[in-house]
Amino acid sequence: MAEGLMKKLYGQRAYVQSAGVRNDMEIDGFSVAVCKEMGIELSRHRSRSFEEMQEWGDDLSQFDLIVALSPASQRMALALTRYFHLDVEFWPIIDPTAIGDTREAKLAAYRQARDMIRDRMVARFGLPTAPEVASDLTPPASARR
């Protein structure tokens with residue numbers, strides 16, 4: 001969700017690559033659904049691990065900032081970049097995967113996580129660069145429950 005949101009809000013302003021502690025390959029369907037509400041297409045996105053990033057040619061030393069959304073990813077990012085000159089920030093975002101027993105409850109949790117990420121991005125990086133994206137900061141009323 002974070003990579004899709006960053007690209008939607010800030011376009012080409014920064015190079016963005018998402019990675020995690022492990023690689024689950026398939027993106028979660030709830031993430032796809034709640035991002036689609038904001039015009040963000042994630043259905044073809046594939047998650048990858050930090051190790052895969054390096055294997056596929058992304059040099060972590062070339063990044064200026066790593067934003068970790070979980071304590072585990074923060075620990076891994078700090079360990080992998082301890083000799084590099086870059087910042088690692090931890091944004092405490094809820095993990096929606098373990099919240100809710102019904103489809104609607106799960107969607108509400110994913111929306112909350114999406115909105116937390118969006119709000120942190122706007123606080124950290126400022127208003128979106130594309131004027132037409134400003135209206136996307138608030139999902140449609142039909143998506144809010």
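Tutor: Helix H2 (29–36) and helix H5 (residues 103–125) pack at an angle of about 65°, and their axes lie 9 Å apart. Helices here are DSSP runs of H or I with at least four residues, strands are runs of E with at least two, and both are numbered from the N terminus. The axes are lines fitted to C-alpha atoms, for helices over the stretch in contact, and the angles run from 0 to 180 degrees between N-to-C directions. This is a predicted model, in which local features need pLDDT of at least 70 and side-chain atom pairs count only at pLDDT 80 or more, while totals for chains, interfaces and linings use all residues. Residues are numbered from 1 along each chain as its sequence is written, and side-chain values use heavy atoms, with hydrogens and water left out.

The crossing of H2 and H5 is right-handed, a term used if the near helix is turned clockwise from the far one by less than a right angle. On the H2 side, Phe30, Ser31, Ala33 and Val34 meet Arg103, Lys106, Leu107, Tyr110, Arg111 and Arg114 of H5; contact means heavy atoms within 4.5 Å. Sorted by class, this contact has five nonpolar, one polar and four charged residues. Nonpolar covers Ala, Val, Leu, Ile, Met, Phe, Trp, Tyr, Cys and Pro, charged covers Asp, Glu, Lys and Arg, and the others, Gly among them, are polar.

Consider serine 31, which is found in helix H2. Serine 31 counts as buried because its relative accessible area is 8%; buried means under 20%, exposed over 50%, and partly exposed in between, with a 1.4 Å probe and protein chains only. Not counting residues up to four places away in sequence, serine 31 touches Met1, Leu42 and Tyr110.

Methionine 121, leaving aside its neighbours within four places in sequence, is in contact with Ala2, Leu5, Met6, Leu9, Tyr10, Trp91 and Gly126.
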